[in-house]
Amino acid sequence: MFSSTEIGIDLGTANVLVYTKNKGIILNEPSVVAVNTDTKQVIAVGAEAKEMIGKTPASITAVRPLQDGVIADFDITSQMLKQVMKKAGKTLGLAIRKPDVVVCTPSGATSVERRAIHDAVKSCGAKNVHLIEEPVAAAIGADLPVEEPVANVVVDIGGGTTEVAIISYGGVVNCNTVRIGGDLLNENIIQHVRKGYNLLIGERTAENIKIEIGYALVDHHEKKMDVRGRDLVTGLPKTITLSSYEIQESLKESLLHILEAIRATLENCPAELSGDIVDHGVVLSGGGALLNGMQEWLSNEIIVPVHIAPNPLESVAIGTGRALKFINKLQTVNN
C-alpha cells in the first residue's frame with residue numbers, strides 16, 4: 001500500500017474534477033457553493049448547490065468562488081476544496097492520508113493567484129502540492145506527446161477562460177489567454193433574449209439553449225426551441241420560440257475573439273514548429289469544444305486540421321493526474 005495517494009485536481013470555473021491513477025475520474029461536481037449569508041456557513045457544494053442557483057431565499061446564496069479561472073473568494077474555495085477532498089476520500093474508501101496533489105492553474109495566472117491556489121489546496125491537508133499549467137494538463141490528457149520536441153497546439157475552452165498554447169518539450173512555447181468561455185457565451189444568450197424579447201432567463205436556461213441550438217459560425221439547418229422566462233414588461237411568465245440562427249448571431253462576437261487568440265498564438269509560433277502544426281493540427285478541449293460545429297468552423301478558418309480531445313470535458317483532469325509521473329521532468333523544464 002502506498003503511504004500517500006496521488007490525486008489530480010482540475011479546479012475549473014464551471015466544474016471541479018478529481019482524478020486518481022487507479023480509478024480515473026472519481027469526482028465531477030459543479031464549482032458552486034451554497035452559503036448562508038448570515039453565518040457564512042457552507043450549506044451545500046457541487047451539484048446540490050447548483051440546483052439552488054436562482055432559487056434560494058435571501059439568507060442563502062449560491063456562489064461560484066472561481067471566476068475567470070482564478071480564485072475570487074479564497075475562504076469559500078478552501079471550504080469547497082475540503083468538501084471535495086472529503087468526498088474523494090469516501091469514493092476511494094479511505095480517508096486520504098496526506099495525498100500528493102497536482103492542481104492546474106491558468107497559464108495567465110499571476111504569482112499571487114498561483115499562491116492562492118497552492119495555499120487553498122495545502123490547507124486541505126495535502127502533503128505536496130504541484131502546480132501545472134492548464135494547457136499542458138489538457139495536452140497530456142488528450143494523449144499528445146508533450147515531452148517530445150514537436151509542436152502540440154491545445155485550445156482549451158473552459159467555463160471562464162479560453163487558453164491557446166503551443167507546447168513543446170514539456171513547456172509552453174507560446175500562449176494566449178482570453179477571458180471568454182462557456183459562461184460568457186451563456187451571458188451573450190441571456191442579453192440577446194433580454195434585448196430582443198424583453199424576457200429574463202436564468203443561467204441554467206441559457207446553458208440549455210447553448211447546448212441544444214447553439215452553433216459556431218457554420219451553415220446548418222435551422223433548429224427551434226421553446227424557452228420560458230419572465231416577461232420584463234408584465235412581470236409574468238412567458239414562453240417564446242428561439243431559432244438557432246439568432247443564437248448563432250448572439251455568440252458571434254465572443255467566438256471571433258477566441259479565433260483571434262488562436263490566430264495570434266499561431267502567428268507567434270517559431271518557424272521550426274509551424275511545420276508540425278500543419279501536420280498535427282490543433283486539439284480542442286474543454287466544454288466549449290462541444291459547441292455544435294466548433295471543429296468544422298475552426299478548421300475552415302485556420303486551415304489546419306482540428307481534432308477534438310477524446311473526452312474534452314475531462315482531459316484537463318486526466319492530464320493533471322497523469323502529470324505526476326513526469327512532473328519532475330516538467331518542473332526542470334519550466335523552472
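The following exercises, with worked solutions, concern a predicted model.

Residues are numbered from 1 along each chain as its sequence is written. Because the model is predicted, local features need pLDDT of at least 70 and side-chain atom pairs count only at pLDDT 80 or more, whereas totals for chains, interfaces and linings use all residues.

**Exercise 1.** Determine how helix α2 is oriented relative to helix α3.

*Solution.* Helices are DSSP runs (H or I, at least four residues), numbered from the N terminus. Step one: α2 (residues 74–92) and α3 (residues 111–122) pack at an angle of about 40 degrees, their axes being 9 Å apart. Step two: α2 is therefore oblique to α3; angles under 35 degrees count as roughly parallel, over 145 as roughly antiparallel, 65 to 115 as roughly perpendicular and the rest as oblique. Step three: F74, S78 and L81 of α2 meet A116, D119, A120 and V121 of α3, where contact means heavy atoms within 4.5 Å.

**Exercise 2.** Identify the loop that holds N198, and decide whether N198 is buried, partly exposed or exposed.

*Solution.* Step one: N198 is found in the loop between α5 (182–197) and β14 (199–200); strands are DSSP runs of E, at least two residues. Step two: N198 has a positive phi of about 55 degrees, although it is not a glycine. Most residues other than glycine have a negative phi. Step three: the relative accessibility of N198 is 38%, so N198 counts as partly exposed. Buried means under 20% relative accessible area, exposed over 50%, and partly exposed in between (1.4 Å probe, protein chains only).

**Exercise 3.** Classify the exposure of I303.

*Solution.* Step one: I303 is found in the loop between α9 (294–302) and β18 (306–308). Step two: I303 has a relative accessible area of 72% and is therefore exposed.

Key
Heavy atoms only, no water. Axes fitted to C-alpha atoms, helices over the stretch in contact; angles between N-to-C directions.
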